[in-house]
Amino acid sequence: KSDAGKLTIKGNGTDQNSKQKTDKARNAYSKVKKATPILIVTALVLAALSILISVNHLKTLRRITLSTGIFTGLLALLIKAPSFVEIKGSKDVDGDFIKAVIGTLTSGLETILITISVVCLVIAIGSKICSIMMARKAKT
């Protein structure tokens with residue numbers, strides 16, 4: 001059985017303060033996990049409504065796709081940014097450890113963002129090329 005998508009938070013302290021912090025983290029993660037599908041559906045519904053309301057549907061769809069591709073590409077760069085920053089801890093090993101933890105936690109998200117960015121940009125550019133070719137073909 002694989003637990004690849006599962007996050008387990010275990011308290012390693014015996015005092016009440018560490019248990020409260022662990023409970024807060026667990027509750028926050030639970031709320032984010034529950035809210036994610038709602039946010040995705042809301043975003044898709046709003047995008048569909050904006051396309052329906054617009055005068056030029058294809059142009060609006062292309063602009064949304066292009067801006068999504070650019071935005072997700074920038075997010076992927078921002079996620080990668082900590083690896084370019086020197087983190088000084090009490091020891092040099094602390095900074096390397098922090099970078100390793102951040103890299104491990106965000107590697108899946110980074111891959112997803114890059115994939116979404118490339119797909120959106122290819123669709124937007126391909127759509128524009130198709131519309132230009134169809135307009136030229138219609139003229140002849």
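1. The lining of the largest pocket holds 13 nonpolar and five polar residues, and no charged residue is found in this lining. The model is a predicted one, and the volume of the largest pocket comes to about 600 Å³. Of the 18 residues that form the lining, those closest to the centre of the pocket are Ile-40, Thr-68, Thr-72, Leu-113 and Ile-116.

2. Which helices supply the lining of the largest pocket? Helix 1 (16–53), helix 2 (57–80) and helix 3 (92–139) each give at least two residues to the lining, and the largest share, seven residues, is that of helix 3.

3. As to the overall fold, the protein has three helices and zero strands, so that, by the definition of these elements, the order from the N terminus reads α-α-α. Among contacts between residues at least 6 apart in sequence, 58% join residues that are at least 24 apart.

4. On burial and surface, 14% of the 140 residues in the protein are buried, while the accessible surface is about 11,400 Å², with 69% of this area belonging to carbon and sulfur atoms.

5. The cysteines deserve a separate point. A disulfide is a covalent bond between the sulfur atoms of two cysteines, and a search of the whole structure finds zero disulfides. Cys-120 counts as buried because its relative accessibility is 14%, which is under the 20% cut-off. Cys-130, by contrast, has a relative accessibility of 45% and therefore counts as partly exposed, a value that lies between the 20% and 50% limits.

Definitions and conventions. Residues numbered from 1 in each chain as written. Predicted model: local features only at pLDDT ≥ 70, side-chain atom pairs only at ≥ 80, totals over all residues. Heavy atoms only, no water. Disulfide = S-S within 2.5 Å. Buried < 20%, exposed > 50% of the residue type's maximum accessible area, 1.4 Å probe, protein only. Helix = DSSP H or I, 4+ residues; strand = E, 2+ residues; numbered from the N terminus. Contact = heavy atoms within 4.5 Å. Areas by Shrake-Rupley, 256 points an atom, 1.4 Å probe, with all protein chains shown as cover. 1 Å grid on protein atoms, 1.4 Å probe; cavity = no way out; pocket = protein on both sides within 12 Å on 5 of 7 lines; lining within 4 Å. Points joined across faces, edges and corners; volume = space filled by probe spheres on them. Nonpolar A, V, L, I, M, F, W, Y, C, P; charged D, E, K, R; others polar.
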